[in-house]
Amino acid sequence: MSELLNVDAVPFQPHQPSRTHFERRLKRLERDILRMGALVENSFRLSHQALFARNLSAAEELPLLDKQIDQFYRHVEIECAALLTLEAPVAKDLRLLSAFMQLVRDLERIGDYAEDLGEIAIKLFPYPPHQCIPQIEIMSHHAQAMLAASLMALADLDAQAGLAVKQLDDVVDDSYENLYHTLATERDIQGVLEPWLLLALVIRHLERMADHATNVGQRVAYIVTGQRS
């Protein structure tokens, strides 16, 4: 009878989710982020087609695609928060989950910019192509390559590949500076100013998309090494 009254004999053990359960949820989360990344890649590709192939049907696909990207973004945030609060993660897990929450924000912003580029493509459609369009197209290709490289680094959890994306960003930054100078110093502009203003927005959006792709690569490196670059 005395043993039954001794509450210290068997300490209370609160229910703790198993590590295996946590790791399964984490794997599903990683897959969802990569699926989100694939949607963002597709949105970038469609915006490129809309701008440079003057494909208005591609531009019209972007709003629905952006809604899907936003749904993934909200889902990943909620799942990260749940894992942080319910699963008692260790230090490495905290680093991974916090990086995921930041990383999907970068992907979501790239998707937003892609949708904006589709809207700009529709506004540019009535105007003849500007002479700097081929250079802007090359800039877009470089930014898309950066996004692809950062997502590959994420899939492989490759820190070196993630950091290498920054080197590609220098090319995009140089393109932005050169193209901005070309547009800003152009003389004898005939007709309305709208196409010049829209092209300035295009190169700014591409430069920001490249910056977010760089962020994704750096966050991958942080996940792997624990060091912020």
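In the predicted model, the axes of helix α2 (residues 19-52) and helix α4 (residues 91-124) come within 9 Å of each other and cross at roughly 20°. Angles under 35 degrees count as roughly parallel, and α2 is therefore roughly parallel to α4. The crossing in which α2 passes α4 is left-handed. Sorted by class, the residues in the contact of α2 with α4 comprise 20 nonpolar, five polar and four charged.

These two helices belong to a chain whose secondary structure consists of seven helices and zero strands. Along the sequence, the elements follow the pattern α-α-α-α-α-α-α. The overall dimensions of the chain were also computed. The C-alpha atoms fill a box of roughly 100 × 35 × 25 Å along the principal axes. The radius of gyration of the chain is 23 Å, whereas a compact globule of 229 residues would have a value near 17 Å.

An unreviewed UniProt entry places the feature "domain: PhoU" at residues 33-120 and 137-220. Over residues 137-220, the chain is 87% helix and 0% strand.

Helix α5 spans residues 133-156 and helix α6 spans residues 159-184; their axes come within 9 Å and cross at roughly 165°. Since angles over 145 degrees count as roughly antiparallel, α5 and α6 are roughly antiparallel to each other. In passing α6, α5 makes a left-handed crossing. On the α5 side, the contact is made by Gln135, Ile136, Met139, His142, Ala143, Met146, Ala149, Ser150 and Ala153. The residues contributed by α6 are Ala161, Gly162, Val165, Leu168, Asp169, Val171, Val172, Ser175, Tyr176 and Leu179. The contact of α5 with α6 divides into 13 nonpolar residues, five polar residues and one charged residue.

Helix α6 also packs against helix α7 (residues 194-225), at an angle of about 165° and with the axes 8 Å apart. This angle makes α6 roughly antiparallel to α7. The crossing of α6 and α7 is left-handed. In the contact of α6 with α7, 17 residues are nonpolar, five are polar and six are charged.

Technical notes
Residues are numbered from 1 along each chain as its sequence is written. This is a predicted model: local features need pLDDT of at least 70, side-chain atom pairs count only at pLDDT 80 or more; totals for chains, interfaces and linings use all residues. Side-chain values use heavy atoms; hydrogens and water are left out. UniProt positions are given in the numbering used here, feature names are shortened, and annotations may be inferred rather than shown by experiment. Helices (H or I, at least four residues) and strands (E, at least two) are DSSP runs, numbered from the N terminus. Axes are lines fitted to C-alpha atoms, for helices over the stretch in contact, and angles run from 0 to 180 degrees between N-to-C directions. Angles under 35 degrees count as roughly parallel, over 145 as roughly antiparallel, 65 to 115 as roughly perpendicular and the rest as oblique. A crossing is left-handed if the near helix is turned anticlockwise from the far one by less than a right angle, and right-handed if clockwise. Contact means heavy atoms within 4.5 Å. Ala, Val, Leu, Ile, Met, Phe, Trp, Tyr, Cys and Pro count as nonpolar, Asp, Glu, Lys and Arg as charged, and the others, Gly among them, as polar. The radius of gyration is taken over C-alpha atoms; the globule rule is 2.2 Å times the number of residues to the power 0.38.
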